[in-house]
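Dear colleague,

I am handing over the structure below for your study. Please keep it open while you read the notes that follow.

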Amino acid sequence: MKGCFLRYKNLFFYFSFFTFIFLGGCATVPRAGGVFPYPTISMHDQAYFALLPMCEVEGIKWDYDPLSKVLILKKEKVDLRLLVGSAAISDAGTIKKLSGPIDIKNSVIYAPTGLRGIITPPVCKFPEKKAVSDLYLRSVDSVIVDAGHGGKDPGAIGKQGLKEKDVVLDVAQRVRQELARCGLEADTTRSSDVFIPLPGRSQEANEKKADLFVSIHANANRSRWIEGFEIYYLTESVDDDARALAAAENAPLEIEDSNLHTRWLSLKAMLWDLVYTENRKESIELAHFIGRAVCKKMGLKLLGVKGAPFAVLKGARMPAVLVEIGYISNRDGERKLRDTQYRQAMAEAIAGGIMDFKNYCEGKR
Ligand SMILES: [Zn+2]
């Protein structure tokens, strides 16, 4: 009889959990404005989040024994043991204390939000200060992350219907969250599906006096077999492929009001020399740092760090790069870009590259 009850209890637990994941599909989308990327509820006078749905999103293996109430979480260097009802946890053998006990509500396991910092430490490392870099930029405290396209401009569209504007909005918000977790002042040019004229994007970065401008895009090519990622900095002289890509990414200029376009062209003449020479070295370094971080974390093929005349980068009065996170025109590329876990990993890799660049500028590596 006892065994029968336990089996039933187990079934009930798994049923509730998967129902939660199913219903909670959209709940993993980060809330605009908040740094904590999962929905929270109030328990024990503080913010708690559902632990196992987060594990599913972030690829953490878990094992829960309802008899002993012990939950084991494992991923690479993560080896945590938690006990429902207790605030003490074992982190690879070291006992740590949470701000509140692990708890169960409606068959869902909840933990204080502070636990996420132990499971997935932010990508930033702040090593000791070494030699000063040869860059003009001496510190990086704020970043504007530009989510490409939006509204009436969908950007590239995959064969299965995935739109570039939707993917890059999600990835840009995840990059912002990761940078904020590292203590940087980070913002995105858009937090919803709206059209923003290209010059208006860097203008916000200029007004906020941001230190860096990073524009996120997904690429497309008529040759559907091409896959990989690329990073661009601003330049006028380019190869044919880069010129063709710039023409595609600059297309929204055509659908903007023509007055603005004319104003933009004259502004370009004024600022071009100044901006181009002042930030070029930093932009190229930033592009390389992001490229190395994405290669290392994602095992992706870096198709190149290249120069191209992107309109969105031209107005930025700070080091600026454009990251093409993958090819939406490639079947495998589209499948990966649709995956939440992949987007999170990509965002962490980009943020990690920005943090590496920050440490380099500040003479810490
Ligand atoms: Zn684009």
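A residue counts as buried when its relative accessible area is under 20%. With that cut-off in mind, consider strand β13, residues 229-234: six of its six residues are buried, so this strand is largely enclosed by the rest of the structure. Please note that the model is a predicted one.

Strand β13 pairs with two strands described here. With strand β14, residues 302-308, the pairing is parallel and runs over six bridges; Glu-230 stands opposite Gly-304 in β14. With strand β15, residues 320-327, the pairing is antiparallel and runs over four bridges; here Ile-231 stands opposite Val-323 in β15.

The six-stranded sheet

These strands belong to an open sheet of six strands, whose order is β11-β10-β12-β15-β13-β14 and whose pairing is mixed. The edges are taken by β11 (185-188) and β14; each has a single partner strand, so one side of each is left without a neighbour in the sheet. On average, neighbouring strands of this sheet are turned by 20° against each other, direction ignored.

Two helices lie across strands of this sheet. Helix α5 lies across β10 (142-147), β11 and β12 (212-219), and runs at about 165° to β10. Helix α10 lies across β12 and β15, and runs at about 110° to β15.

Is helix α5 mostly covered or mostly open? Helix α5, residues 198-207, is mostly covered, with seven of its ten residues buried. The buried residues are Leu-198, Pro-199, Arg-201, Ser-202, Glu-204, Ala-205 and Asn-206. After α5 comes Lys-209, whose phi is positive, near 55°.

Helices α10 and α11

In general, two packed helices are described by the angle between their axes and the distance between the axes. For helix α10 (residues 331-338) and helix α11 (residues 340-361), the axes come within 5 Å and cross at roughly 85°. The two helices, α10 and α11, are therefore roughly perpendicular to each other. On the side of α10 the contact is made by Lys-336, Leu-337 and Arg-338, and on the side of α11 by Thr-340, Tyr-342 and Arg-343.

The five-stranded sheet

There is also an open sheet of five strands, in the order β3-β4-β5-β6-β7, with antiparallel pairing. At its edges stand β3 (61-65) and β7 (94-97), each with a single partner strand, so one side of each is left without a neighbour in the sheet. From one strand to the next, the twist averages 20°.

As an example of the pairing, β6 (residues 88-91) and β7 are joined in the antiparallel sense over four bridges, and Ser-90 stands opposite Ile-95 in β7. Helix α2, residues 51-58, lies across β3 and β4 (70-75), running at about 20° to β4.

The chain as a whole, and its confidence

How many helices and strands are there in the protein chain? There are eleven helices and 15 strands. Of its 365 residues, 52% count as buried. Among contacts between residues at least 6 apart in sequence, 75% join residues at least 24 apart.

The mean pLDDT of the protein chain is 80, and 78% of the residues reach 70 or more. Which elements have the lowest and the highest mean pLDDT? Helix α1 (residues 2-23) has the lowest, at 43, and helix α4 (residues 164-181) the highest, at 97. Two stretches call for a separate remark. Over residues 11-34 the pLDDT stays under 50, and the model has 39 contacts beyond four places in sequence for them. Over residues 256-274 the pLDDT likewise stays under 50, and there the model has 19 contacts beyond four places in sequence.

Yours sincerely,
A colleague

Conventions:
Residues are numbered from 1 along each chain as its sequence is written. This is a predicted model: local features need pLDDT of at least 70, side-chain atom pairs count only at pLDDT 80 or more; totals for chains, interfaces and linings use all residues. Side-chain values use heavy atoms; hydrogens and water are left out. pLDDT is the predictor's confidence in each residue, from 0 to 100. Contact means heavy atoms within 4.5 Å. Two strands pair if DSSP finds at least two bridges between them. Axes are lines fitted to C-alpha atoms, for helices over the stretch in contact, and angles run from 0 to 180 degrees between N-to-C directions. Buried means under 20% relative accessible area, exposed over 50%, partly exposed in between (1.4 Å probe, protein chains only). Angles under 35 degrees count as roughly parallel, over 145 as roughly antiparallel, 65 to 115 as roughly perpendicular and the rest as oblique.
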